[in-house]
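User: Please take a close look at a single part of this model and describe it together with its surroundings. A connected account will do.

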Amino acid sequence: MEFTDTQLHRYSRHIVLPEVGGVGQEKLLQSKVLVVGAGGLGAPLLLYLAAAGVGTIGVVDDDSVDLSNLQRQVIHDEGSVGVPKVESAAARIRALNPDVRVEPYKTRLNRDNVMDLIGPYDVVADGSDNFSTRFLLNDACYLAGKTLVSAAILRFDGQVSTFKAHLGDPHPCYRCLFREPPPRGMVPSCSEGGVLGALAGFIGSLQAVEVMKELLGLGESLSGSLLMMDTLYASYQRITLRKDPDCPLCGSHPTIRDLSGH
């Protein structure tokens, strides 16, 4: 493609990167990313993907903006309180970068709609805040052959990983790490346990980096690793994840072959 003068100016800091260049920026403009959740993680993730010029961004969320969200969900503002998050996020993205096409989906993911939602997209980014959605997305992305970049935050802690077990060995899936969701009530939500607002910006931005690396084929993927951060003590760990041969989804003898269990 030929860049306009405006695009050359807008994306100049990408284009001068030897690892990205004009070819990489063109690829970003032609890429499609689905972001699940327009909250704490989704806010910085969506903003940086839009600023980078990812051509089509889908955003899935069934919630509306609440005043308590604004401590960390920086894509929204006080004027958005009461507005569906997907509409607030879409308006901010369009204002930030008119090159980007936004597809808002005001719905909650379930086994009946997830395959249709993820189908058109190159990479799926999970910014949800509950285990049922995380496991549903993991299973759906594996079955659909989609790369999933997943993140989670609570209190002062965050974690990020990439899952693409559909490519085969040695790539694990989320169920290789956590076989089943924890019992209800065992892990508090952010509304129950709290979360440092800036942590959401940090982890969501890191998630955006990993999404762009997957789109461009750059660097070392986080597939097979779990990056864990304790920001209260500035502690960082990268843990190796092994593919579980007994995984019920991607193992040698899978028992999960569809989404009927969700």
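Analyst: Helix 7 (residues 131–144) gives the largest share of the lining of the largest cavity, three residues. Helices (DSSP H or I, at least four residues) and strands (E, at least two) are numbered from the N terminus. The model is predicted: local features need pLDDT of at least 70 and side-chain atom pairs count only at pLDDT 80 or more, while totals for chains, interfaces and linings use all residues. Residues are numbered from 1 along each chain as its sequence is written, and side-chain values use heavy atoms, with hydrogens and water left out.

A cavity is a set of points on a 1 Å grid over the protein atoms alone where a 1.4 Å probe fits but cannot get out, and its lining residues have an atom within 4 Å of a point. Grid points are joined across faces, edges and corners, and a volume is the space filled by probe spheres set on the points. Two cavities reach 30 Å³ or more; the largest holds about 60 Å³. Its lining consists of Asn-138, Cys-141, Tyr-142, Lys-146, Leu-148, Phe-163, Lys-164, Ala-165, His-166 and Cys-173.

Strand 5 is largely enclosed by the rest of the structure, because seven of its eight residues are buried (under 20% relative accessible area, 1.4 Å probe, protein chains only). Strand 4 and strand 5 run parallel and are joined by four bridges, with Val-123 paired to Thr-147 in strand 5.

Strand 7 (residues 225–230) pairs with strand 8 in the antiparallel sense over six bridges, and Asp-230 stands opposite Ser-235 of strand 8.

Since 15 of the 20 residues of helix 10 are buried, helix 10 is largely enclosed by the rest of the structure. Just after helix 10, Gly-217 takes a positive phi of about 65°.

Definitions and conventions: Pairing = 2+ DSSP bridges. Buried < 20%, exposed > 50% of the residue type's maximum accessible area, 1.4 Å probe, protein only. 1 Å grid on protein atoms, 1.4 Å probe; cavity = no way out; pocket = protein on both sides within 12 Å on 5 of 7 lines; lining within 4 Å.
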